[in-house]
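Let's take a friendly walk through a protein model together. Have a look at the sequence and the 3D view, and keep them at hand as you read.

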Amino acid sequence: MREIATEAADELAALIGHEAEGVSAVRRGEAGWRVEVDVVEVHRTPDTTSLLATYEMSLDEEGQLVEYRRLRRFRRGWADG
C-alpha cells in the first residue's frame, strides 16, 4: 500500500502544483484508504523558510484518488530542520 500511496501523493502534487515531501500516514477508511501527504507550498531561499501543508486524500480500493483536502498548514524555518 505504501507504493500506491506514494504514487497518489505524486498525483496530488501535480494536481495542486506543489512538491510532495512525503507520505506521513496511511490508514484504512470506510470505502478504501486515507493517506496524509506533506506538501511544500512555498519555499523561500535566502532565509530557507518553507510553508508546508498536510493534505488528506481518499483513495478507493484500487488506489485511485477520490478526493482530497488540506488539513493544516505550518511554517518550517532553517532552525526547525
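Which residues does Arg-69 touch, not counting residues up to four places away in sequence? The answer is Thr-54, Tyr-55 and Glu-56. Keep in mind, as we go on, that this is a predicted model. Arg-69 lies in strand β4, and with a relative accessibility of 48% it counts as partly exposed.

Strands β3 and β4 run antiparallel and are joined by ten bridges. In this pairing, Glu-56 stands opposite Arg-69 in β4. The two strands form a hairpin with five residues between them, and in this hairpin Gly-63 takes a positive phi near 90 degrees.

Now turn to strand β3 itself. In a regular strand, side chains alternate between the two faces of the sheet. Both faces of β3 are covered. On one side you find Thr-49, Leu-51, Ala-53, Tyr-55, Met-57 and Leu-59, on the other Ser-50, Leu-52, Thr-54, Glu-56 and Ser-58, and all of these are buried. That is eleven of the eleven residues of β3.

What does Glu-56 touch, not counting residues up to four places away in sequence? Its contacts are Arg-27, Arg-34, Val-35, Glu-36, Glu-67, Tyr-68, Arg-69 and Leu-71. With one of these, Arg-27, the side chain of Glu-56 makes a polar contact of 2.8 Å.

Next come the aromatic rings. A pair of aromatic rings is described by the distance of the centres and the angle of the planes. The count for this model comes to one aromatic pair. Why is the pair of Tyr-55 and Tyr-68 called tilted? Their ring centres are 6.3 Å apart and their planes stand at 55 degrees, so the pair is tilted; planes under 30 degrees apart would count as stacked, and over 60 as edge-to-face. The pair links distant parts of the chain, since Tyr-55 sits in strand β3 (residues 49–59) and Tyr-68 in strand β4 (residues 65–76), 13 residues apart. Tyr-55 is buried, at 7% relative accessibility, while Tyr-68 is partly exposed, at 37%.

Finally, let's visit Arg-28. This residue is found in strand β1 (residues 19–29) and is partly exposed, with a relative accessibility of 48%. Leaving aside neighbours within four places in sequence, Arg-28 is in contact with Trp-33 and Glu-61. The side chains of Arg-28 and Glu-61 are joined by a polar contact of 3.1 Å. A polar atom of the Arg-28 side chain also lies 3.1 Å from the backbone oxygen of Gly-32.

Technical notes:
Residues are numbered from 1 along each chain as its sequence is written. This is a predicted model: local features need pLDDT of at least 70, side-chain atom pairs count only at pLDDT 80 or more; totals for chains, interfaces and linings use all residues. Side-chain values use heavy atoms; hydrogens and water are left out. Rings of Phe, Tyr and Trp (its six-membered ring) pair if their centres lie within 6.5 Å; planes under 30 degrees apart count as stacked, over 60 as edge-to-face and the rest as tilted. Helices (H or I, at least four residues) and strands (E, at least two) are DSSP runs, numbered from the N terminus. Buried means under 20% relative accessible area, exposed over 50%, partly exposed in between (1.4 Å probe, protein chains only). Contact means heavy atoms within 4.5 Å. A polar contact is a pair of N or O atoms within 3.5 Å; within protein, one must be able to donate a hydrogen and the other to accept it, and residues adjacent in sequence count only if both atoms are side-chain atoms. Two strands pair if DSSP finds at least two bridges between them.
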